[in-house]
Amino acid sequence: AVSPFKRGAAFSDTHSETLELADIDWDDLGFAYVPTDYMYTMKCTKGGNFSKGELQRFGNIELNPSAGVLNYGQGLFEGLKAYRKEDGNLLLFRPEENAMRMIMGAERMCMPSPTIDQFVDAVKATVLANKRWVPPPGKGSLYIRPLLMGSGAVLGLAPAPEYTFLIYVSPVGNYFKEGVAPIHLIVENELHRATPGGTGGVKTIGNYAAVLKAQSAAKARGFSDVLYLDCVHKKYLEEVSSCNIFVVKGNSISTPAIKGTILPGITRKSIIDVARSQGFQVEERPVTVDELLDADEVFCTGTAVVVSPVGSITYKGKRVSYGEEGFGAVAQQLYSVLTKLQMGLIEDKMNWTVEL
Ligand code: COI
């Protein structure tokens, strides 16, 4: 029998529709941009509320060259995923958390934000409109990218007079080219990602542009990504360019505390709860770079990276290895519970998933 989830094959879901999956190689998904069918847009003027948004065909958008986002970086993004279950239904993971984080970030960036309901409804509509791009079970997920930007024209530095909320989606597999194999990090000594009082704790677009230089240099040297230190003492771990970091020692798991310079990851928060439910002791506290030297395991978390084991960390020319073969036992256990929850393979006692 032909698998109902084969490339290009029709299958029926519980709503008894038949749906053709997009004709792409589902076995070869990485984290590259794949254009899909529809995007969602919604606009708002300064001081106003977002009015009803709409789905439109995916494509380029028009922006005034004076748009606040282009000139002064007034922009935020989010990231979340939809998984396809064996029965064909789709699962979102904690979309209200992304909505709340966008509201917090918008406050910091002087932007109006969609309400939680507007955000979640827009995510649902966009995913359903692009249903044929949600990978078959076990092949990956649909990455959902909400954007909030100052789209109105400004010349002098000021909040833009108009804002656009937009969602597009793309099917994805593993984030790192290593796949699920351990990644190799280098601790950055010169450049910093965030400063106290700055915007490191919100998902503003500039935080990601600011790490490209260190990230590119690290990649040119064969590393997967960069681990940043705090800019005051230069000894406390902050985060990796695209994800949060956890350090395991015995039964204890530590991760840098959220203090304004670290992105409050939704996967980070979920892994803390999953780890506690599995009997681990989890501490959110300042974690020194020296603690990496005698850690049993190190792993990263993020929506895009999920849970990625760290194989080695290089700091001031010294390389520390943590089992470069594959997942450490703790990261494996947490990854397994989290992803089974996200894919609807185990009971969702936390009430984290939203079924479409
Ligand atoms: C995510 O994990 O969703 C992010 O937003 C990180 C991004 C650099 C891919």
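**Figure 1. Arg 193 in the loop between β10 and α4.** In this predicted model, Arg 193 belongs to the loop that links β10 (183-187) with α4 (205-209). Arg 193 is classed as buried because 25 other C-beta atoms lie within 10 Å, where the threshold for a buried residue is 20 or more. When residues up to four places away in sequence are set aside, Arg 193 touches Gly 200, Asn 207, Ala 210, Val 211, Tyr 228, Glu 238 and Glu 239. Leu 227 stands 34 residues from Arg 193 in sequence, and the C-alpha atoms of these two residues are 9.5 Å apart in space.

**Figure 2. The protein chain as a whole.** The protein chain comprises seven helices and 19 strands. Along the principal axes, its C-alpha atoms fill a box of roughly 65 × 55 × 40 Å. The radius of gyration of the protein chain is 21 Å, which agrees with the value near 21 Å that a compact globule of 356 residues would have. Of the 356 residues, 44% are buried. Among contacts in the protein chain with a separation of 6 or more, 68% are between residues 24 or more positions apart.

**Figure 3. Strand β7 and its two partners.** Strand β7 spans residues 90-93 and pairs with strand β6 (residues 80-84) in the antiparallel sense, over three bridges. Within this pair, Arg 84 has Leu 90 of β7 as its bridge partner. The two strands make up a hairpin with five residues between them, and Gly 88 in the turn shows a positive phi of about 95°. Strand β7 is also joined by three bridges to strand β19 (residues 353-355), again in an antiparallel arrangement. Here Leu 92 is bridged to Val 354 of β19.

**Figure 4. The two faces of strand β7.** In a regular strand, side chains alternate between the two faces of the sheet. In β7, Leu 90 and Leu 92 are on one side, and Leu 91 and Phe 93 are on the other. These four residues are all buried, so both faces of the strand are covered.

Figure 5. Arg 94 is found in the loop between β7 and α2 (95-108). Its phi is positive, at about 50°, although the residue is not a glycine. Arg 94 counts as buried because it has 20 C-beta neighbours inside 10 Å. Cys 110 is located in the loop between α2 and α3 (116-129). Cys 110 likewise has a positive phi, of about 55°, without being a glycine. With 13 C-beta neighbours inside 10 Å, Cys 110 is therefore counted as partly exposed.

**Figure 6. The loop residue Pro 159.** Pro 159 is part of the loop between β8 (141-150) and β9. It is partly exposed, with 17 other C-beta atoms within 10 Å. Apart from residues up to four places away in sequence, Pro 159 touches Lys 46, Gly 68, Gln 74, Cys 110, Met 111 and Gly 150. From Pro 159 to Met 111 there are 48 residues in sequence, and the C-alpha to C-alpha distance is 7.3 Å.

**Figure 7. The largest nonpolar core and Ala 82.** The largest nonpolar core contains 88 residues, and those with the most contacts inside it are Ala 82, Ile 144, Leu 148, Val 226, Val 298 and Leu 334. Strand β9 (residues 162-172) supplies the largest share of this core, seven residues. Beyond its neighbours within four places in sequence, Ala 82 is in contact with Leu 90, Leu 91, Leu 92, Val 127, Val 134, Ser 141, Leu 142 and Ile 144.

**Figure 8. The hairpin of strands β17 and β18.** Strand β17 (residues 306-315) and strand β18 (residues 318-321) run antiparallel and are joined by four bridges. In this pairing, Ser 312 is opposite Ser 321 of β18. The hairpin has two residues between its strands, and Lys 316 in the turn has a positive phi of about 50°.

Figure 9. Gly 79, Tyr 208, Ser 242, Gly 302, Thr 303 and Ala 304 are the residues around the ligand. This shell consists of two nonpolar and four polar residues, with no charged residue.

Notes
Residues numbered from 1 in each chain as written. Predicted model: local features only at pLDDT ≥ 70, side-chain atom pairs only at ≥ 80, totals over all residues. Buried ≥ 20, exposed ≤ 12 C-beta atoms within 10 Å, placed from the backbone. Pairing = 2+ DSSP bridges. Near = placed C-beta within 6 Å. Nonpolar A, V, L, I, M, F, W, Y, C, P; charged D, E, K, R; others polar. Rg over C-alpha atoms; globule rule 2.2 N^0.38 Å. Contact = placed C-beta atoms within 7 Å. Core = buried A, V, L, I, M, F, W, Y, C linked by C-beta atoms within 7 Å.
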